[in-house]
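Biologist: I have a structure open and want to learn to read it. Can you take me through it feature by feature?

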Amino acid sequence: MKLCIMGTGYVGLVTGTCFANLGNEVVCVSGDENKINLLKQGKVPIYEPDLDELIEKNVKENRLFFDTDSEKSIQKSEIIFICKGTPSQPNGQVNLKYVEDAAIEIGRAINDYKIVVNKSTVPIGSGDWVSMIINDEQVKLNKKVPFDVVSCPEFLREGSAIYDVFFTDRIVIGSSSKNAIETMKKLYEPIINQTFETDLNPRPKTKVPLVVTDLTSAEMIKYAANSFLATKISFINEIASICEKVGADVTKVADGIGLDKRIGREFLNAGLGWGGSCFPKDLSAISQIAAEYGLSTQIINAVVQANKQQRSNIIKKAQELLKILKGKTIGVLGISFKPDTDDTRYAPAITIINNLIKLGARVKVYDPIVKDRPEDLSEKSIFCKDSYEVAENSHLLILATEWDEFIKLDFEKIKGSMSNSLIIDGRNVLDKEVLTNMGFTYIGIGR
């Protein structure tokens, strides 16, 4: 099939590249000429494992293209994916400007029947809203070309997005059009039936479940899923705080309750809390949607508050260990909100670093991928070339992002260079017993 991907951000690039790899002809469109030129040169503007290689492969095999001409790209495509960013506004509502711009472009360019797919995370009712915009643009141009709008939410995890496209837990298609639904089924058939060739492992043994529903329910599935996942994280962090008081180990508690099939073990890892672009934005959006109908999201509001509190708890742990933070040197390992991504949006590490600096600490930081200072990170933070430089003469070391290289560090060397042998494992990924036997004072989360 011929696909047009409107948007060359995280979702657009990954989605377009993966569909090209399944044998489709895909053009990714952006009005950012500089970004398109970089992509044509093989330079990928985001960090996602294996994405650059997959882009290079499909460009060479003439299945993946990049263009600034949206009109031409829309007109020659059968299916148009809207993969535009939907950032939060100051009041918590979703900024739909980029989605609206895409819909306007489609309405102006559409020349024959198209399927328009909302891949962006958009508020409830956005499918009908996009249809209205496309129709309005056609009226202005005195034309009436048929089209259908489909909601097909993405469930990509940064750091494993390619795997999540090919081996997703489910595919959701929301539409009232039988033709659009059947066409989307055909597009996703290789993934649903797992008939494509791949070197990625582990490969599921069964078909990928398909959920076919109406537009509104499809849009709600995305918000509900992210809200529930964030709830699991905040819940286990709250349990971790209780574990610390009573002497329990939250990792064992999570193992125990995770064996219950009704609960599951995933997303029950106590730590610094959730970050990234999706959870904060989506929880805020669903609260705003509820408010529009006179409803309150008490559970979701509590989840957000518990997450904020978790970052403050790390500062308290640092104060308990060092008493006075002013004049102390603290090393922080990791800036990105999770490993295998360069995304620092709402990253717990940044909040913690900034608060430590406000309290008078000298903070040294290192991240394997994040080399440029994020805009919201204090200019007083000191970037180091590696973990060992971070540890040198530090009174305390905080592991903020669970990059694999941090787990494999030479901690004997680390200990020898620190002023105090103090570690806060903000992700519970280090071996407590091994570090304690080395002479470290080890502080985990709920352990």
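Modeller: Start with exposure. Buried means under 20% relative accessible area, exposed means over 50%, and partly exposed is in between (1.4 Å probe, protein chains only). Keep in mind that this is a predicted model: local features need pLDDT of at least 70, side-chain atom pairs count only at pLDDT 80 or more, and totals for chains, interfaces and linings use all residues. Residues are numbered from 1 along each chain as its sequence is written, and side-chain values use heavy atoms, with hydrogens and water left out.

Biologist: Then is Y163 buried or partly exposed?

Modeller: Y163 is partly exposed, because its relative accessible area is 23%. F167 has 5%, so F167 is buried.

Biologist: How do I read two aromatic rings together?

Modeller: A pair of aromatic rings is described by the distance of the centres and the angle of the planes. Here rings of Phe, Tyr and Trp (its six-membered ring) pair if their centres lie within 6.5 Å; planes under 30 degrees apart count as stacked, over 60 as edge-to-face and the rest as tilted. The structure holds 9 aromatic pairs. One of them joins Y163 and F167, edge-to-face, at 4.6 Å centre to centre and 65° between the planes.

Biologist: Why is the pair of F267 and F279 tilted?

Modeller: The planes of F267 and F279 stand at 45°, so the pair is tilted; the centres are 6.5 Å apart. This pair links distant parts of the chain, 12 residues apart: F267 is in the loop between α10 (250-258) and α11 (278-292), and F279 is in helix α11. Helices (H or I, at least four residues) and strands (E, at least two) are DSSP runs, numbered from the N terminus. F267 is partly exposed at 26%, whereas F279 is buried at 11%.

Biologist: Which residues form one aromatic cluster?

Modeller: Y163, F166, F167 and F196 do.

Biologist: What about charges over rings?

Modeller: A charge sits over a ring if NZ of Lys or CZ of Arg is within 6 Å of the ring centre and within 35 degrees of the ring normal. R170 lies over the face of F155, 3.6 Å from the ring centre. K413 lies over the face of Y388, at 4.3 Å.

Biologist: How do I find empty space inside?

Modeller: Rolling a probe the size of a water molecule over the atoms shows where empty space is left. On a 1 Å grid over the protein atoms alone, a cavity is a set of points where a 1.4 Å probe fits but cannot get out; lining residues have an atom within 4 Å of a point. Grid points are joined across faces, edges and corners, and a volume is the space filled by probe spheres set on the points. The structure holds 3 cavities of 30 Å³ or more.

Biologist: Which residues lie nearest the centre of the largest cavity?

Modeller: K119, P153, D164, V165 and Y188, out of 17 lining residues. The largest cavity holds about 180 Å³ of space. Helix α1 gives the most to its lining, with 3 residues.

Biologist: How do I read a sheet?

Modeller: Strands of a sheet pair through backbone hydrogen bonds, either parallel or antiparallel. Two strands pair if DSSP finds at least two bridges between them. Here 6 strands form an open sheet in the order β11-β10-β9-β12-β13-β14, with parallel pairing.

Biologist: Which strands stand at the edges?

Modeller: β11 (382-383) and β14 (441-443) do; each has a single partner strand, so one side of each is left without a neighbour in the sheet. Further in, β9 (residues 329-333) and β10 (residues 362-366) pair over 5 bridges. I330 stands opposite V363 in β10.

Biologist: Which way do the residues of β13 point?

Modeller: In β13 (residues 422-425), L422 and I424 point one way and I423 and D425 the other, and all are buried. D425 is the bridge partner of L399. I423 has Y442 in β14 as its bridge partner.

Technical notes. On a 1 Å grid over the protein atoms alone, a cavity is a set of points where a 1.4 Å probe fits but cannot get out, and a pocket is an open set with protein on both sides within 12 Å along at least five of seven lines; lining residues have an atom within 4 Å of a point.
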